[in-house]
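The sequence and structure come first.

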Amino acid sequence: MSKLWIGSHIDMTAPDYLEGAVKTALSYGASTFMIYTGAPQNSIRKPIESMRIQEGRTLLEASGMDASKVVVHAPYIINLGNTVKPETYAIGVEFLVRELRRVHQMGFTMLVLHPGAHVGMGTQAALDSIVKGLDEVLSQDGTNVTIALETMAGKGTEVGITFEEIRYLIDHCAYPDRLGVCLDTCHIADAGYAVENVDEIIETFDHVIGLSRLKVVHINDSKNPRGARKDRHENIGYGTIGFKTIASYVHHPRLEGIPKILETPYVNDRPPYALEIALLKANKEEENWRDKLESAT
């Protein structure tokens with residue numbers, strides 16, 4: 001039986017940074033995890049030399065984790081689809097180059113990226129701008145890091161909300177071998193896909209994009225009805241997607257070997273990931289599991 005690579009987003013904070021992130025992931029019973037190289041809302045970054053990278057990598061390897069399954073997420077501020085403000089586009093290109101180099105220095109090989117938003121200029125304009133930006137970035141970053149384009153919920157003027165839009169980016173980029181995809185269960189549900197039809201969704205993804213491109217799955221429940229385009233994550237089993245559907249993606253034989261990452265909300269200011277990971281590993285729903293965190297003091 002193939003190993004289940006499952007984990008969650010982990011804050012990578014001072015003073016232990018990567019070493020601390022690995023310790024936290026292990027405390028959750030995770031076999032992988034996802035980090036940001038700094039705050040996701042800005043471009044401020046600590047020097048890589050101060051982030052206990054070697055200590056983290058040593059612990060990661062000793063624990064049996066596979067560095068190739070670790071996920072890094074790019075900050076939200078990058079918008080290669082902005083054709084209204086050239087300076088925003090230029091900043092996105094420059095910063096994404098630096099992020100790819102940081103991921104490479106950390107010894108990881110995958111960076112998840114929100115494709116971008118058209119800010120009123122239309123989907124096609126944004127898609128073409130993103131292709132242009134990706135070409136600029138991948139022609140100069142000098143790494144082997146894969147950019148995993150994330151499927152989006154359609155909030156605001158986001159693009160990348162259909163498999164076809166993601167495929168367009170891959171087909172028109174000059175460096176398609178450097179591109180993969182991150183499938184987010186909450187996002188595709190909010191975008192209008194019938195997420196509960198798991199086999200159908202996977203088959204459609206394979207037909208339009210190709211499962212060989214799927215590098216990571218974000219396993220999130222949703223607070224919203226299908227097609228709401230709001231992107232509000234919910235804890236597993238407490239949303240409109242439900243435990244059974246989420247677990248079906250986690251354990252689906254066609255998705256073996258692909259990292260599954262939780263980005264669900266904290267409960268009573270506490271991370272729910274140890275409980276959610278345990279339930280998903282066991283493939284066993286437990287009603288009212290969140291009460292354990294809500295009643296904690």
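Which side chain does R178 meet in a salt bridge? The partner is D141, with an N to O distance of 2.8 Å; a salt bridge here is a side-chain nitrogen of Lys or Arg within 4 Å of a carboxyl oxygen of Asp or Glu. The model is predicted, so local features need pLDDT of at least 70 and side-chain atom pairs count only at pLDDT 80 or more, while totals for chains, interfaces and linings use all residues. Residues are numbered from 1 along each chain as its sequence is written, and side-chain values use heavy atoms, with hydrogens and water left out.

**Salt bridges**

R178 sits in the loop between helix 5 (163–172) and strand 6 (179–184), and D141 in the loop between helix 4 and strand 5 (146–150), 37 residues apart. Helices (H or I, at least four residues) and strands (E, at least two) are DSSP runs, numbered from the N terminus. R178 counts as buried because its relative accessible area is 14%, and D141 is buried at 3%. Buried means under 20% relative accessible area, exposed over 50%, and partly exposed in between (1.4 Å probe, protein chains only).

| Pair | N to O distance |
|---|---|
| R178 and D141 | 2.8 Å |
| R254 and E203 | 2.9 Å |
| R290 and E234 | 3.0 Å |

R254 lies in the loop between helix 8 (243–251) and strand 10 (260–262) and E203 in helix 7 (residues 198–208), so their pairing ties together parts 51 residues apart in sequence. R254 is partly exposed, at 36% relative accessibility, and E203 is partly exposed at 42%. R290, in the loop between helix 9 (273–282) and helix 10 (291–294), and E234, in strand 9 (residues 233–234), are 56 residues apart; both are buried. A network of salt bridges links E19, K23, R52 and E55.

**Overall fold**

The protein has 10 helices and 10 strands. The C-alpha atoms fill a box of roughly 50 × 45 × 40 Å along the principal axes. Of the 297 residues, 55% are buried.

The largest nonpolar core has 87 residues, and F33, I35, F108 and L280 have the most contacts inside it. Such a core is a set of buried Ala, Val, Leu, Ile, Met, Phe, Trp, Tyr and Cys residues joined through side-chain atoms within 4.5 Å. Helix 3 (residues 86–106) gives the largest share of this core, 8 residues.

Beyond four places in sequence, L280 is in contact (heavy atoms within 4.5 Å) with I6, I219, I236, F243, I246, A247, V250, H251 and L262. T185, in helix 6 (residues 185–191), is buried with a relative accessible area of 0%. Residues touched by T185, again beyond four places, include V195, V217, I219, I241 and I246.

In helix 1 (residues 17–27), the buried residues are Y17, L18, E19, G20, A21, V22 and A25. These pack against strand 2 (34–35) and helix 2 (53–63). Just after helix 1, G29 takes a positive phi of about 75 degrees.
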